[in-house]
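Me: Please take a close look at one part of this model, the place where the two chains meet, and follow it back into the fold behind it.

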Amino acid sequence: MFNVTFHHWWIDIVYFSQVSQTGKRIQQLLEQITAAKLTKAAFVLILASVGMKASERIVNQVSERIPQRYRLRVKQSLPVWRAIILVIASVTLLNLFVDFSSNSVFALTGSAAVAVGFAFKDYASSVIAGIVALFEAPYRVGDRIDIDGQYGEVVDYGFRGIRIKTLQDEIVTIPHNKLWTHTVANANNGRLEAQVVTDFYLAHGVDIQRVIDILTQAAYTSKYSQVSLPVVVSVEEKPWGTAFQLKSYVMDVREETSYKTDLIKRAKQAFYQAGFTYPGLPVQE
Amino acid sequence: MRAWLISSQEKSEPEISLEELPVEITESLSRATQALPSPANHREAVQNALSQALETWQKDDEAENSLVVLGSPAEDVTRVLDEVLKANQIPSEMSVRRLPAARVTDSETIATKLAVVAENASELTPDKQELVVVPSLSRYFLRCIGGLEGIVYLRDRIAQQRSRFWLIGCNRWAWQYLDYVGQIQAYFEQTVSIPALGGGEIKEWLQSLRNETGLDFTEKMPEAERAYFERLAESSLGVAEVAARLWLRSLSYQPDNKHIVPEKVSFPNFRDLSASDRYLLYSLLLHGPINLPNLATSLGETESEIHPPLRRLRQVGLIEGNSSSLQVNPLHYPRLRSELKQNNFLVPGEN
């Protein structure tokens, strides 16, 4: 009985002492927030925001003016500039309001971690994935990627996600945390050239060697082709006809659509001149 | 540092009042540069390589029966070949047959047309006494489906007819392209490059022109003159045609004593190029002088589509000629070469 009573008494003392200490800390923190500090903080936030916008504009303008060979390298530096600005702004803000003694750090991180963990779980996951992606580089600004069914050029690398410009000129925002659960297909992986796959379908009776010659020549004679990279034609038999796949490289990934159009246009003109016929529609099951 | 030294040397020369070269003098000098024979070391390089190749071929049945002469797209390789042949240094027992220098235009019948030209000659002589000259290989293909048939025809014909020797001219850009698309170097292993000119060689080459025109040129101090021609060689990448144009551009006129003074070597302003401009200019450098319909075919576009960029580029002087023969202005070649290389186009290592 005595032991039990003593135990409750001891816990009560510890509890009240902790509450009063936390209260004091909060009070101390609030006392530290002055009008001057708030003004400085606002100034830092505005400066960081302007810096982010300016870095984006400068990087984009410079990358479009310099030789294409360096375009992607300059574009890919955007996330790094942003990260630098964010880190500088965050450190400045924390220095303004937080006393970095071990006690304060423990007190802050303990409560902040719980709050952030529950309220911004997905956001935090995206931010962490974004940092991981900076090092692993599954995609960079300027790359042509396919992620979660969306295909296009990465035009912006943000804190939370990326923005890609699709072939239909739509801007799609994709959070970085898709990296944890989805596969990312990267067509050019930081290079200016990218492989382009173009499908052709012809009737069973066509001269296959002649078709392969035409397709190979179409790729080698396109003004958009990077002819120093291989051109491959593969053939597959289907119940309704013969499918040909032309794999070749475009000199600048931005010209992908024009390149494909050029290949199809010239190849089909040659097919027409050769008198090749096309298959009927596949039978619906 | 070197540029500063040169410019300080130039500055140290006494100041004189200079004007732009009068139009009639510019035109007369321009005509004279076009009429100049190719530089002596160009002819010597080709002549030596040809003599050696012919000698080996006549002695050895397994030896190469062709020699490819490679030059810059801003250089007239055909002219060098013609001058070498005119110099009468080919063995007297050999007959020389020259295929037409004009472009074989119709891509569908390139091979047939070439066959007619190549086979119409005298019967094949088994004793190796015929030299066939292909003035410019870049005029026997067009970058389109079927446009490489002429090259395939020549390639096969040359491999089969070992009793003929083939002297082939080609620009390096076309050669590199043909090698990627048809591994042409595997068939024609024997090549010789037209060498780049140094400062002294350019000076010597232009000296004859100064003597012939009878115009008065102000002599620079020896060191300044050496520096001037070195810079001319460096800026022109050692290409004769470019050097001649840059030299002409650098000349000023001294009205007091009617003397012509070589001044600073400089390129004209170079406007920003769009992607379509670059594709068009690359095509012109690949094919050499080409007419409008063929250029459109090479770009996979219609004539009306290429008209606007073509017109723009002609207005700023990047392209010269008319619709029956368009070509890149050699004056812009060095900077254009660098621009295309920076933009991921295939550009050979040499000039």
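Reply: In this predicted model, 18 residues of chain A are in contact with 16 residues of chain B. On the side of chain B that touches chain A, two elements give two or more residues each: H7 and helix H11 (275-287) of chain B. H7(B) supplies the largest share of that side, three residues. By kind, the residues on this side of chain B are nine nonpolar, six polar and one charged.

H7 also leads back into the fold. Helix H7 of chain B covers residues 172-182 and lies across E2 and E5 of chain B, running at about 110° to E5(B).

E2 and E5 belong to an open sheet of five strands in chain B, in the order E3-E4-E5-E2-E6, with parallel pairing. Its edge strands are E3 (95-98) and E6 (191-193) of chain B, each of which pairs on one side only. On average, neighbouring strands of this sheet are turned by 20° against each other, with direction ignored.

Within the sheet, E5 (residues 164-171) pairs with E4 (residues 130-134) of chain B in the parallel sense, over five bridges. One residue pair can be looked up directly: B:Val134 has B:Ile168, in E5(B), as its bridge partner. A further helix, H3 of chain B (residues 40-59), packs on the sheet as well, touching E2 (66-71), E5 and E6 of chain B. The direction of H3 makes about 165° with that of E2(B).

How values were computed
Residues numbered from 1 in each chain as written. Chains lettered and ligands numbered in written order. Predicted model: local features only at pLDDT ≥ 70, side-chain atom pairs only at ≥ 80, totals over all residues. Pairing = 2+ DSSP bridges. Helix = DSSP H or I, 4+ residues; strand = E, 2+ residues; numbered from the N terminus. Axes fitted to C-alpha atoms, helices over the stretch in contact; angles between N-to-C directions. Contact = placed C-beta atoms within 7 Å. Nonpolar A, V, L, I, M, F, W, Y, C, P; charged D, E, K, R; others polar.
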